[in-house]
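Trainee: I would like to learn how to read a protein model. Please take me through some features in turn.

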Amino acid sequence: MKKIIIAIDGYSGCGKSTTAKAVAKKLGYTYLDSGSMYRAVTLYFLKNGINTAIAEEVVVGLNTMKISFRMDPSDGSQQVYLNGVNVEEEIRGMEVSARVSEISKLPEVRSALVKKQRELGKEKGIVMDGRDIGTVVFPHAELKVFMKANTEIRALRRQRELADKGQQISLEKVKDNLESRDALDSGRKLSPLKKAADAVELDTSYLQFDEQVSRILQLAKERMN
């Protein structure tokens, strides 16, 4: 079977990353979480006081940071490293979540990361999830999936994820953050979150995890023949 690119876009809390990871594992593909790259940039900018209103500062910041991915041999999970330091847990916190959409919309940031993402996908055999993968990063991907889910359900899922990492956040605060990010991501001028014309829509509100994975695997195999 030929190798393809699988682009999974959609709203936060729909299960994009966990589903994409499982699909990649089943196919023996490389998984890349584009959102973690934007989160790493956000963390770096916050820690280093980068003034995002000054384009020159943004460019300097981007040129002095390096994002890399490494596998944790203990459980096979993918870990995000920022300038050689594991920041996987730190980039998932609410402080980064509150600012990532704002920083992600900066032209300099998007240009740098889209270039990096395209380089990583040159050889195909990749599953990447995010918000503009099927529309901007890989517009010619063989399979595009757009995931969505009820806001209340997404908030509950995200709250559980945070609780598992020791962060006790109220459901209302999590929901407000999701709705704010939805508005920013969908309303930005550059690479807005939207469904590609040829994407398959998948509502995960009431789907079991295995059902989500099976559905995407079925679609992928149809395109690999």
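Trainee: How far apart are the mean positions of the positive and negative charges of the protein chain?

Mentor: Before that, note that this is a predicted model, in which local features need pLDDT of at least 70, side-chain atom pairs count only at pLDDT 80 or more, and totals for chains, interfaces and linings use all residues. Residues are numbered from 1 along each chain as its sequence is written, and side-chain values use heavy atoms, with hydrogens and water left out. Lys and Arg count as positive, Asp and Glu as negative, while His and the chain ends are not counted; each charge is placed at NZ of Lys, CZ of Arg, CG of Asp or CD of Glu. In the protein chain, the mean positions of the 37 positive and 31 negative charges lie 4 Å apart.

Trainee: What share of the 225 residues in the protein chain is buried?

Mentor: Buried means under 20% relative accessible area, exposed over 50%, and partly exposed in between (1.4 Å probe, protein chains only). Here, buried residues account for 49% of the 225.

Trainee: Where is Lys124 placed?

Mentor: Lys124 lies in the loop between helix H5 (107-120) and strand S6 (126-130). Its phi is positive, near 60°.

Technical notes: Helix = DSSP H or I, 4+ residues; strand = E, 2+ residues; numbered from the N terminus.
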